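Visitor: I would like to learn how to read a structure such as this one, feature by feature. Could you take me through it, giving the general idea before each case?

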Amino acid sequence: MTVLEWVAALASALGVWLTGRRKVLCWPVLVVASILYGVVFIQAALYADAALQAVFVVLSAYGWWQWLTGTQTSDGVPAVVRPVAIRLWQHMGLTALAGVGLAFILRAWTDDPMPAVDALLSAYSILAQFWGARRYRQSWLLWMAVDGCYTLLFVERGLWVTAALYAAFVGLAARGWHQWRQGS
C-alpha cells in the first residue's frame, strides 16, 4: 500500500462517480487515474493491467470527444444510447478472442502470475470502457462483473487499497446502471 496507490484509487473513484452522473469532467479525471495506476500495476508485475491503463488514456480521450459531440438531453447531459443487442454479443465474442490471444502472449513473454485472468479482465475492461464512451447503459453491467473479478485478483496480489476500490466500484457500477436507466 503506497501513497501512489491511494491517490490513484481516489482519482479512479472520482472518475467513476462523475461518469455515473454523466459529467464530461469524468474523462480528464480518468486520464490522470489511468496514468497513476499504470505505474502501480507495473510495480505489481500486472503488465496487461499496466498496458490497459495506456489504452484507457486513449479511450478516455475518445469518450471525452463522444460525450462532447454526441446527443445531449434537454438538461445538457450526454444522452444514453441503446445499441442493438447483436452488436453487444459480437463485441463480447471478439473480446473473448482478444483476451485469449493476450493470455498466450503474457504466458510466453512475461512473468505475470495469472496471465489468463489478467488478459481476460483487461480485454473486458477495454470493452466496458468503450461501451461507456459510446454511452451504452450495458457498460455498467459489464463493469460490475469485471470489477468483482478484479477485486479477487487484487486481493491475491496484495493490493489491498485497490481491492477495496474495485469492490466499491461494483457498488458505483450498480448506481451508474440505475442512474443511466433514468437517462435513457
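**Reading burial, fold and core**

Guide: Gln-179 has a relative accessibility of 14% and therefore counts as buried, where buried means under 20% relative accessible area, exposed over 50% and partly exposed in between, with a 1.4 Å probe and protein chains only. This is a predicted model, in which local features need pLDDT of at least 70 and side-chain atom pairs count only at pLDDT 80 or more, while totals for chains, interfaces and linings use all residues. Residues are numbered from 1 along each chain as its sequence is written, and side-chain values use heavy atoms, with hydrogens and water left out.

Visitor: Where is Gln-179 placed, and which residues is Gln-179 in contact with, leaving aside neighbours within four places in sequence?

Guide: Contact means heavy atoms within 4.5 Å. Gln-179 belongs to helix α7, and, once neighbours within four places in sequence are set aside, Gln-179 is in contact with Gly-20 and Arg-21.

Visitor: How many helices and strands does the protein chain have?

Guide: Helices (H or I, at least four residues) and strands (E, at least two) are DSSP runs, numbered from the N terminus. The protein chain has seven helices and zero strands. Its radius of gyration is 16 Å, close to the 16 Å that the globule rule gives for 184 residues, so the chain is as compact as a globular protein of that length; the radius is taken over C-alpha atoms, and the rule is 2.2 Å times the number of residues to the power 0.38.

Visitor: Which residues touch the most other members of the largest nonpolar core?

Guide: In soluble globular proteins, nonpolar side chains tend to be buried together. A nonpolar core is a set of buried Ala, Val, Leu, Ile, Met, Phe, Trp, Tyr and Cys residues joined through side-chain atoms within 4.5 Å. The largest such core here has 42 residues, of which Tyr-37, Phe-41, Leu-142, Trp-143, Val-146, Tyr-150 and Phe-154 touch the most other members. Two or more residues come to this core from each of α1 (3-20), α2 (26-43), α3 (47-69), α5 (115-133), α6 (139-156) and α7 (160-182). Not counting residues up to four places away in sequence, Tyr-150 touches Asp-49, Leu-52, Leu-121, Ser-122, Ser-125 and Tyr-166.

Visitor: Does Met-114 count as buried, partly exposed or exposed?

Guide: Met-114 counts as partly exposed because its relative accessibility is 27%. Met-114 sits in the loop between α4 (85-109) and α5, and touches Leu-153 and Glu-156, not counting residues up to four places away in sequence.
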